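Trainee: I would like to go through this structure with you. Could we begin with the strands and then turn to the charged pairs?

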Amino acid sequence: MSFIAMNRFKVRHGHEAQFETTWAERESRLKDMEGFREFRLLKGPDGDGYRLYSSHVIWESREAFEAWTRSQQFRDAHKNAGQSKTKDSLMGPPSFEGFETVLHEG
């Protein structure tokens with residue numbers, strides 16, 4: 001069964017467009033990885049001073065995800081993480097959540 005890796009981001013109001021542009025223009029490198037299935041950037045509800053976003057990546061397995069986190073492609077894709085324009089947009093660091101699929105209907 002698959003593994004879903006998610007990072008939740010609290011993006012300050014007024015920074016949503018820049019946040020989305022940063023993701024759209026990034027060098028993802030996900031497609032280079034065996035076991036990668038799908039990526040989505042999700043825009044969620046408003047909170048107290050922020051808009052919630054989530055990056056949502058579906059992997060063939062937890063092992064495929066873990067291989068990604070140890071890869072040069074991962075280091076390349078995250079080399080600009082924490083730059084000032086990104087840091088100024090966020091209300092704290094992202095929150096990671098990982099889920100193993102136990103039931104799937106398609």
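This is a predicted model: local features need pLDDT of at least 70, side-chain atom pairs count only at pLDDT 80 or more; totals for chains, interfaces and linings use all residues.

Trainee: How many bridges join strand 2 to strand 3?
Mentor: There are 8, between strand 2 (residues 36–46) and strand 3 (residues 50–59), and the two strands run antiparallel. Together they form a hairpin with 3 residues between them. Gly49, in the turn, has a positive phi of about 90 degrees.

Trainee: Is Ser55 buried or exposed?
Mentor: Ser55, which lies in strand 3, is buried: its relative accessible area is 4%, and the cut-off is under 20%.

Trainee: Which residues is Ser55 in contact with, leaving aside neighbours within four places in sequence?
Mentor: Among them are Ala5, Met6, Trp23 and Phe39.

Trainee: Changing topic, how many salt bridges does a search of the whole structure find?
Mentor: The search finds 9. In one of them, the side chains of Lys43 and Glu20 meet at 3.4 Å, N to O. Lys43 is in strand 2 and Glu20 in helix 1 (residues 16–24), so this pair ties together parts 23 residues apart in sequence.

Trainee: What stands opposite Lys43 in strand 3?
Mentor: Tyr53 does. Lys43 itself is exposed, with a relative accessible area of 52%, whereas Glu20 is partly exposed at 30%.

Trainee: Which residues are linked in a network of salt bridges?
Mentor: Glu27, Arg29, Asp32 and Asp76 are. Within it, the closest N and O atoms of Arg29 and Asp32 are 2.6 Å apart. Arg29 is partly exposed, at 22% relative accessible area, and Asp32 is also partly exposed, at 45%.

How values were computed: Residues are numbered from 1 along each chain as its sequence is written. Side-chain values use heavy atoms; hydrogens and water are left out. Two strands pair if DSSP finds at least two bridges between them. Helices (H or I, at least four residues) and strands (E, at least two) are DSSP runs, numbered from the N terminus. Buried means under 20% relative accessible area, exposed over 50%, partly exposed in between (1.4 Å probe, protein chains only). Contact means heavy atoms within 4.5 Å. A salt bridge is a side-chain nitrogen of Lys or Arg within 4 Å of a carboxyl oxygen of Asp or Glu.
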